[in-house]
Number of protein chains: 2
Amino acid sequence: MKAEKIPDIIVGRLPIYLRALQRMADNGLKTTSSQELGEHVGISAAQIRKDISQFGDFGKQGTGYSIAYLLDKLREILKVDRIWEVALIGAGDMGHALARYQGFTNRGFHIVMVFDNDKEKVGEKINGFIIEDTEKMVERLKSAGIKMAMLTVPAQAAQGVTDKLVQAGVKAILNYAPINLNVPPSVKVQYIDPSTHLQRMTYYL
Amino acid sequence: MKAEKIPDIIVGRLPIYLRALQRMADNGLKTTSSQELGEHVGISAAQIRKDISQFGDFGKQGTGYSIAYLLDKLREILKVDRIWEVALIGAGDMGHALARYQGFTNRGFHIVMVFDNDKEKVGEKINGFIIEDTEKMVERLKSAGIKMAMLTVPAQAAQGVTDKLVQAGVKAILNYAPINLNVPPSVKVQYIDPSTHLQRMTYYL
């Protein structure tokens with residue numbers, strides 16, 4: 001299995017499969033089929049079989065996939081068979097919502113630091129975290145070896161903070177600021193921008 | 001121009017172009033090139049030219065694109081040359097953050113109603129909205145003719161609420177609940193799930 005060889009579009013679907021399988025397991029199911037999984041995720045059974053076969057031979061003809069086994073394998077492939085420490089930059093409304101969000105830990109992530117550049121916020125607590133000064137961010141991230149960050153700062157501040165994150169050795173950024181970020185090729189960025197998602201749907205209305 | 005003929009993958013890039021162009025306009029720029037726009041959005045100039053040419057002949061050889069003209073055209077194509085009324089379902093942390101979010105109105109959207117099924121929250125105010133009872137949701141959405149909703153309810157409640165949204169005539173749902181939704185083909189769903197986005201990056205770390 002060569003990680004480099006899996007097309008990005010397939011990598012993008014694996015977390016969707018993982019989420020659906022995790023839900024099936026939570027509901028007490030032991031096995032599933034590409035047909036059943038497909039109904040849960042809105043992707044064809046053929047596509048699912050093709051995607052999963054990229055990583056090895058997981059299903060048995062006639063008996064379907066073992067959910068526990070597929071969960072293990074998908075977690076291993078996506079490297080969420082461990083817990084990643086994540087820094088949260090920006091303690092506004094969205095930062096607060098993310099700091100309190102319950103859906104990270106059981107999916108491989110744990111927010112460990114929260115930063116803001118507003119001196120009035122520094123020292124305040126969110127969900128047990130003390131908000132730290134962005135001025136100390138690079139040093140803190142470096143010494144803790146943090147590789148992932150979530151960015152919920154205003155658009156005009158986002159590129160500057162990103163440059164510091166890159167300098168600190170962060171390799172993956174989930175960006176909530178409504179602006180495209182320039183990063184070196186070794187750094188991954190994913191974007192969450194509700195207006196962009198909404199605009200993608202109005203086209204069809 | 002036949003709306004039906006534009007591939008979904010191109011439609012998905014148009015809001016990104018729109019966002020970058022809007023930012024250029026805010027910064028006082030009047031014209032841009034596919035090269036310059038490409039640097040802002042991280043997409044090749046050739047791809048941008050190809051995408052934009054799907055909708056007509058917007059650029060002049062040598063002088064580039066008029067930002068104002070391209071903005072008008074993209075807004076028209078994406079149907080955000082108007083304001084869409086959006087209902088927000090779920091007044092938890094994420095719902096509160098979205099109700100207060102400033103980035104909707106100038107991009108074509110306006111939250112007009114907020115619903116929750118928690119009787120303790122019903123009647124409370126968020127950012128000027130009075131939280132209404134989900135029991136009255138179908139009737140309220142129908143009579144107001146709302147076609148778009150943002151869903152920030154827990155995963156286990158999401159499909160039930162979605163069925164009601166569909167019944168009320170909603171055609172586009174931005175789903176923050178970490179679960180895939182089953183909807184008729186006439187209804188569009190977009191997903192925002194931070195853990196899924198993070199898992200898409202850990203693969204490469």
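Colleague: Which residue in S4(B) does B:Ile89 stand opposite?

Modeller: B:Ile89 sits across from B:Phe115 in S4(B). Keep in mind that this is a predicted model.

Colleague: Okay, and in what sense do S3 and S4 of chain B pair?

Modeller: Parallel, over six bridges, with S3 covering residues 84–89 and S4 covering residues 109–116 of chain B.

Colleague: What's the strand order in the whole sheet?

Modeller: In chain B, it goes S5-S6-S4-S3-S7-S8-S9, an open sheet of seven strands with mixed pairing. S5 (125–126) and S9 are the edge strands, each pairing on one side only.

Colleague: Which helix of chain A lies across S3 and S4 of chain B?

Modeller: That's H8 of chain A, residues 194–202.

Colleague: How many residues of chain B are in contact with chain A?

Modeller: 50 from chain B, in contact with 50 of chain A. On the chain B side, H8(B) gives the most, with nine residues. That side has 27 nonpolar, 13 polar and 10 charged residues.

Colleague: Switching topic: how do H1 and H2 of chain B cross?

Modeller: Their axes come within 10 Å and cross at roughly 100 degrees, so H1(B) and H2(B) are roughly perpendicular.

Colleague: Which residues meet there?

Modeller: B:Ile16, B:Tyr17 and B:Ala20 from H1(B) meet B:Leu37, B:His40 and B:Val41 from H2(B). By class, the residues of that contact are five nonpolar, one polar and no charged.

Notes. Residues are numbered from 1 along each chain as its sequence is written. Chains are lettered from A and ligands numbered from 1 in the order in which they are written. This is a predicted model: local features need pLDDT of at least 70, side-chain atom pairs count only at pLDDT 80 or more; totals for chains, interfaces and linings use all residues. Axes are lines fitted to C-alpha atoms, for helices over the stretch in contact, and angles run from 0 to 180 degrees between N-to-C directions. Helices (H or I, at least four residues) and strands (E, at least two) are DSSP runs, numbered from the N terminus. Angles under 35 degrees count as roughly parallel, over 145 as roughly antiparallel, 65 to 115 as roughly perpendicular and the rest as oblique. Two residues are in contact if their C-beta atoms, placed from the backbone, lie within 7 Å. Ala, Val, Leu, Ile, Met, Phe, Trp, Tyr, Cys and Pro count as nonpolar, Asp, Glu, Lys and Arg as charged, and the others, Gly among them, as polar. Two strands pair if DSSP finds at least two bridges between them.
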